Amino acid sequence: MSNVRFDHKSLGYNGDEDRMEYACDIYGQYDKINKCVGYCKYYSIEPDRETVYIEFITIYFNHRRRGYATKMVQELLKRYTLHWDYKFTKDGRRWYESLIDRNII
């Protein structure tokens with residue numbers, strides 16, 4: 001899965017939440033074509049832009065269980081200190097625990 005690409009975007013400052021918000025589209029390559037397989041939304045609390053909190057990661061149904069969400073976490077860990085709010089879906093909780101078991105986080 002070396003052909004994963006991330007397109008990070010700043011969504012700007014959210015004054016109601018007092019934070020900078022970001023989104024990232026996740027792309028995988030199929031038949032030599034980059035295809036969006038999911039996205040992530042994350043944020044930093046001002047003034048610390050070195051620490052981010054993942055709000056959610058969504059991988060489209062046909063692309064799940066192929067490592068894209070894990071690659072997204074690894075991408076964020078290269079750029080930031082990562083914190084979790086521990087609000088997970090049932091599947092998300094199992095995935096998060098697998099990240100711990102595999103020493104990714």
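**Note on a predicted model: strands, hairpins and rings**

1. Strand 1 and strand 2 make a hairpin, and four residues lie between them. D18 sits in that turn with a positive phi of about 55 degrees. Keep in mind that this is a predicted model.

2. Strand 1 covers residues 5-14, and its pairing with strand 2 is antiparallel, over nine bridges. Y13 stands opposite M20 of strand 2.

3. The next turn is another hairpin. Strand 2 and strand 3 form it with two residues between them. Here D31 is the turn residue with a positive phi, about 50 degrees. Strand 3 spans residues 33-45 and runs antiparallel to strand 2, with 12 bridges between them. Y30 faces I33 of strand 3.

4. How much of strand 2 is buried? Of the 12 residues in strand 2 (residues 19-30), nine are buried, so the strand is mostly covered. Across the whole protein chain, buried residues make up 37% of the 105 residues.

5. Turn to the aromatic rings. The structure holds 10 aromatic pairs. One of them joins Y43 and Y53, which are stacked at 5.3 Å centre to centre with 15 degrees between the planes. Y43 belongs to strand 3 and Y53 to strand 4 (residues 51-59), so this pair ties together parts that are 10 residues apart in sequence.

6. Y53 is partly exposed because its relative accessible area is 22%.

7. R19 lies over the face of Y43, 3.8 Å from the ring centre. Elsewhere, the charged end of R5 sits over the ring of Y27, at 4.2 Å from its centre.

8. Finally, step back to the whole chain. The protein chain has two helices and five strands. Along the sequence they follow the pattern β-β-β-β-α-β-α. The radius of gyration is 14 Å, close to the 13 Å that the globule rule gives for 105 residues, so the chain is as compact as a globular protein of that length. Its C-alpha atoms fill a box of roughly 40 × 30 × 25 Å along the principal axes.

9. Contacts and surface complete the note. Of the contacts with a separation of 6 or more, 39% join residues 24 or more positions apart. The protein chain exposes about 6900 Å², and carbon and sulfur atoms supply 46% of that area.

Note on methods: Residues are numbered from 1 along each chain as its sequence is written. This is a predicted model: local features need pLDDT of at least 70, side-chain atom pairs count only at pLDDT 80 or more; totals for chains, interfaces and linings use all residues. Side-chain values use heavy atoms; hydrogens and water are left out. Buried means under 20% relative accessible area, exposed over 50%, partly exposed in between (1.4 Å probe, protein chains only). Two strands pair if DSSP finds at least two bridges between them. Rings of Phe, Tyr and Trp (its six-membered ring) pair if their centres lie within 6.5 Å; planes under 30 degrees apart count as stacked, over 60 as edge-to-face and the rest as tilted. A charge sits over a ring if NZ of Lys or CZ of Arg is within 6 Å of the ring centre and within 35 degrees of the ring normal. The radius of gyration is taken over C-alpha atoms; the globule rule is 2.2 Å times the number of residues to the power 0.38. Contact means heavy atoms within 4.5 Å. Accessible areas come from the Shrake-Rupley method with a 1.4 Å probe; for residues, only the protein chains shown count as cover.
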